[in-house]
Each structure stands twice: as structure tokens, then as C-alpha cells.
Amino acid sequence: MSLLELFESLQYSSLLVAMRSVPWIFPLIASLHLIGLALIGGAVFVVDLRLLGLGLRQQPVASVARDAERWLLFSLAVLLPTGIFQFMCFAATKYYYLTAFWVKLGALTLALMFTFTVRRKVAMTAATRRNPARDKLVAVVSLALWSSVALAGRLIGLP
Amino acid sequence: MSRLVEWLAATPASIALHESHYAYLAVLTVHVLSLCLFVGTAAMLDLRLLGATLQSVRVSEVIARLLPWTLAGFVITIMSGGLLFFAAPVNAYGNVFFRAKMLMLVLAGVNAWVFQHTVYRSVNEWDKYPVPPRMARIAGGLALVLWAALITLGRMIPYQVYWFD
């Protein structure tokens, strides 16, 4: 089965056909996705701000990162299923041909890998062994990766 | 009011923005991305009021350190939103979802004002509580519900034609 055929089988699956027949389901799922986007913005931002020496700078980085991680995971639990659903709605007729979609997929993979390996390890480093330059670099890379994800996502939705 | 929006729609700048494909889409993109900063940081603050995050940080510190970022996001979101309205004033003015969205914005403002002038006055007494008192939790929870409603109604604006027209 080719990738296009896989996308076709997703878009024309009986579940998706049934859901497409209800007109308000798509905008509702898209709204949930946007709510998740706002939430992940907050959860990513408080940690990156802290790494930059801004925001909650009187608190240890590790404790801010630990508190934010719960909401990072929560927003991902909202974003991933609602995102996959939107993708399935037009997988074969729109997403397959859309560069912005493949860019988003790539940026998302990188952002997730970076967040849960490098950024997590750096953020959890003990206060005595911190390197401000490294902290700032990690924050800038994180902000750049997540902004790319959001920007490419926005481009997908354009007419 | 409807004459005002008609006059606004007839101004050359409004027509230019309406017809320039890329400028309009750029403003729309800025609107959505600044929303991440605005509602994202506001949500972290509201979650602190609920006692759901940053429990070891004083409430006043969370507000003092994060609110400037929320306000910065708010200014960009309002300005880009204002431009989006300016590009199609008659459509937006007549849109049910747009009107409901503006109502949510006003309610969110009222909620913040009431919080600031009631329970937040005594913040010194509960600043360090991991879970703030009931009135503060209500304000935080209400704000989160209003943000979610605001975003949903905003996303629904283009769908008016399918249901109500």
C-alpha cells in the first residue's frame, strides 16, 4: 500500500465519513486544537522564559520545568488526537500534497525530541551546575522549534 | 453602529486590507500566534489560582512575573484582531460568533476586575497557599472557561454562513 493509498483509506474510512456528515464536528475539533495550542504555548513559554532569565526568575529552573511538564503533557493529549482527526478529514485530498503539512510533521518531531531529551535534561540540572549560556541557547532552540510547528500549522489552515 | 461599520468598510484602507490576500493572511497568522502568548501565559496564571500548577510559588510572584507577558500578548492579539475586524467590518459586525466572542472578552475583563478588587486585596493572607481560597479558585476557573469559549467562538466565525445565513 502506498502512502497516498493509506491516506485515502483514512479519509474515506467509515468513521470519518460518519463524522464528516455532522457539520459542526470539524470546527469543534479545530477549536479544541486551538485551545490546546494556547495551553502548550503557556507551558513551553514559562520554562523557556525562565531559561532565558526572565519570567519566574526567582524560582529554580527545575521546579518550574517540573510544574509546567504536567500541562505540557496535558496539552499534547489534547493536541495530538484533535490534530490527527483534522489530518484524517482531508488526508488524501489536501495534506498529502501540502508542503506545510510535511514541514509541520518534521518540526513537531524535532520539537518533541528536543523537549523531552535535551531541554528536559538541561532544565532539570541542579542549580549549582547551571550554565547560563547553555540555558539561553536551549530556550532559543525550543522557542524556534515550537514556533515553526505553530506557524506551519497555521499555514495548513490557509485557503 | 451599523452605519459606522459601513463607513469603515468603505474606507480605502479597509478595502485594501480586505483585497490583499497576503497581508490579510499575515495578520491572521500573527493573531493566532500571539494568542499562544496571551492565553497561554494567562492559563498558567489561572491554573496557579486553581492550585493546579506552580504550587510552591507565591501567587503574587506568578502574577507579577507572568502578567507583563500576558499583557504583551494581549496587545498584539487585540491589534491584529482589530485589523481583522477592520478588513471586513460589516461581516464581523453581523456575525453571531463574533458578537458572542466580544461578549466573552468583556466578561473575562469583568472577571479579572472583580478578582483584583475583591479576593486579591487580601492576597498577603493566602499568597503562599498551594491551593488558594475558594473565591480565587472560582476566578481562575471562570477565566479558563472564558478563554476556551473565546477561542471556540473565534474559530466558529467563518462557519456562520453554514448555519445561520
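Visitor: Let me start with one residue: in which helix of chain A is the place of A:Phe85?

Guide: A:Phe85 sits in helix α4 of chain A. Keep in mind as we go that this is a predicted model.

Visitor: And how should I class A:Phe85, as buried, exposed or partly exposed?

Guide: Count the C-beta atoms around its own: 20 or more within 10 Å makes a residue buried, and 12 or fewer makes it exposed. A:Phe85 has 18 such neighbours inside 10 Å, so it counts as partly exposed. While you are there, look at A:Leu16, which is 69 residues away from A:Phe85 along the chain. The C-alpha atoms of the two are 8.5 Å apart.

Visitor: Now helix packing. At what angle do the axes of α5(A) and α6(A) cross?

Guide: They cross at roughly 155 degrees, and the axes come within 8 Å. Angles over 145 degrees count as roughly antiparallel, and α5(A) and α6(A) are therefore roughly antiparallel to each other. The crossing of α5(A) past α6(A) is left-handed. The residues of that contact divide into 18 nonpolar, four polar and four charged.

Visitor: Which helix of chain B packs with α6(A) at an angle of about 140 degrees?

Guide: That is α3(B), with the two axes 10 Å apart. The angle makes α6(A) oblique to α3(B). Here the crossing is right-handed. From α6(A), the residues A:Ala150, A:Leu151 and A:Arg154 meet B:Thr29, B:Val32, B:Leu33 and B:Cys36 of α3(B). By class, this contact has five nonpolar, one polar and one charged residues.

Visitor: Stepping back to the whole interface, how many residues of chain B are in contact with chain A?

Guide: As a general idea, the size of an interface is often given as the accessible area lost when the parts come together. Here we can count residues instead: 30 residues of chain B are in contact with 25 residues of chain A. On the chain B side, α3 (21-50), α4 (59-87) and α8 (134-156) each supply at least two residues. The helix that gives the most is α3(B), with 13 residues. By class, the side of chain B that touches chain A has 21 nonpolar, six polar and three charged residues.

Visitor: Which residues touch the most other members of the largest nonpolar core?

Guide: In soluble globular proteins, nonpolar side chains tend to be buried together. In this model the largest nonpolar core has 70 residues, and A:Ala38, A:Val46, B:Ala43 and B:Trp147 touch the most other members. Elements of both chains give two or more residues to this core, including α3 (25-51) of chain A and α8 of chain B. The largest share, 15 residues, comes from α3(A).

Visitor: What does B:Trp147 touch?

Guide: Leaving out residues up to four places away in sequence, B:Trp147 touches A:Ala38, B:Val39, B:Ala42 and B:Ala43.

Visitor: Is B:Leu54 buried or exposed?

Guide: B:Leu54 counts as buried, because it has 25 C-beta neighbours inside 10 Å.

How values were computed:
Residues numbered from 1 in each chain as written. Chains lettered and ligands numbered in written order. Predicted model: local features only at pLDDT ≥ 70, side-chain atom pairs only at ≥ 80, totals over all residues. Contact = placed C-beta atoms within 7 Å. Helix = DSSP H or I, 4+ residues; strand = E, 2+ residues; numbered from the N terminus. Nonpolar A, V, L, I, M, F, W, Y, C, P; charged D, E, K, R; others polar. Core = buried A, V, L, I, M, F, W, Y, C linked by C-beta atoms within 7 Å. Axes fitted to C-alpha atoms, helices over the stretch in contact; angles between N-to-C directions. Parallel < 35°, antiparallel > 145°, perpendicular 65-115°, else oblique. Left-handed = near helix turned anticlockwise from the far one by under 90°.
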